[in-house]
Amino acid sequence: MNDFDFLNKDTFEADKYKDMVKSYQEKDEPTQWFDHIYESAKGDYTKVFWADLKPSPYLVSWLKENPINKAGKRACVIGCGVGDDAQALSEFGFEVIAFDISPKAIELCKDRYPDTKVQFIVADLFDYPKEWFESFDVVYECNTIQVLPDEYRKKARTSMSSLLSKGGYILVSCRSRDEHEKEDEIPKPLSKSEIDEFITVQNLKEQSFLAYDDNQIPSVPHFFAVYKK
């Protein structure tokens, strides 16, 4: 085994994963571990332990039910992983920029979709290219906030919202928790009051909100929310 085999889907060890994340958070390097997840896959995108290998059905349903009829419509996928959601947005006619802080993740995306129209780019949510500011009609965020600690969660929400053009939508998918529960969990799910800060702090308008339990055993509660600028 190499140093990161415990992150490979076939040999995944949850306790070691959580210890690793915690160690980086304690060093105030909360995004520096992401590349290890994709490095552990050894070039095989199917071995990324948190990859669903299909686009979010909630994203796809929203796209079908809320067509955006606009020439040159643009979408951004934050923390794109192995690319499923970005590819889905492209197939719905968007010009898509999908980014991840992990170079290995972007390599997997490009190998997986060699003929894609998606621009897969290595970038940092906290220091993205200035030309992206307020330039996207749809922004998709899935499970990024929940793996960040403390003030970085607020910074992430602010940065994500800043990508939206006027009238644009941000779709937020995440694990959820009741208030004052699971405070020390990794990843730390979002409470209703926390996700509501897209409204109360970022001044976005809630378009839809869904709380649901997924189909894992045992099931895990989630939120899927859509906000408009």
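User: Which residues of helix 1 are buried?

Analyst: Happy to start there, keeping in mind that this is a predicted model. Seen down the axis of helix 1, the buried residues fall within an arc of 95 degrees, so they line one face of the helix. The face turned away from that buried side carries the exposed residues Asp15, Asp19 and Glu26. The buried residues of helix 1 are Tyr17, Met20, Val21 and Tyr24.

User: What do the buried residues of helix 1 pack against?

Analyst: The buried set consists of Tyr17, Met20, Val21 and Tyr24. These residues pack against helix 2 (34-39).

User: How far apart are the end C-alpha atoms of helix 1?

Analyst: Helix 1 covers residues 14-26, which makes 13 residues. At 1.5 Å a residue, the helix should span 18 Å, and the model agrees with this. The end C-alpha atoms are 18 Å apart.

User: Which residue takes a positive phi just after helix 1?

Analyst: Helix 1 runs over residues 14-26. Just after helix 1 comes a residue with a phi of about 60 degrees, and that residue is Asp28.

User: How many disulfides does the structure hold?

Analyst: Let's look at two cysteines, Cys80 and Cys109. Cys80 is in no disulfide, and its nearest cysteine sulfur, that of Cys109, is 4.2 Å away. The number of disulfides in the structure is 0.

User: Is Cys109 buried or exposed?

Analyst: Buried means a relative accessible area under 20%. Cys109 has a relative accessible area of 0%, so Cys109 is buried.

User: Which residues have the most contacts inside the largest nonpolar core?

Analyst: Good one to picture on the model. The largest nonpolar core has 27 residues.

User: Is Gln87 buried or exposed?

Analyst: Gln87 lies in helix 4 (residues 84-91). Not counting residues up to four places away in sequence, Gln87 touches Tyr113, Thr116 and Val118. Its relative accessible area is 14%, which means that Gln87 is buried.

User: How many residues apart in sequence are the parts that the Phe99 and Trp132 pair ties together?

Analyst: Phe99 and Trp132 form a tilted aromatic pair, 5.3 Å centre to centre with 40 degrees between the planes. Phe99 lies in strand 2, whereas Trp132 lies in the loop between strand 3 (119-122) and strand 4. The parts tied together are therefore 33 residues apart.

User: Why does the pair of Tyr128 and Trp132 count as stacked?

Analyst: Both Tyr128 and Trp132 are buried. Their ring centres are 6.1 Å apart. The pair counts as stacked because the planes lie at 15 degrees, and the cut-off is under 30 degrees.

Key. Residues are numbered from 1 along each chain as its sequence is written. This is a predicted model: local features need pLDDT of at least 70, side-chain atom pairs count only at pLDDT 80 or more; totals for chains, interfaces and linings use all residues. Side-chain values use heavy atoms; hydrogens and water are left out. A disulfide is a pair of cysteine sulfur atoms within 2.5 Å. Buried means under 20% relative accessible area, exposed over 50%, partly exposed in between (1.4 Å probe, protein chains only). A nonpolar core is a set of buried Ala, Val, Leu, Ile, Met, Phe, Trp, Tyr and Cys residues joined through side-chain atoms within 4.5 Å. Helices (H or I, at least four residues) and strands (E, at least two) are DSSP runs, numbered from the N terminus. The expected span of a helix is 1.5 Å times one less than its number of residues. The arc is that of the directions from the helix axis to the C-beta atoms. Contact means heavy atoms within 4.5 Å. Rings of Phe, Tyr and Trp (its six-membered ring) pair if their centres lie within 6.5 Å; planes under 30 degrees apart count as stacked, over 60 as edge-to-face and the rest as tilted.
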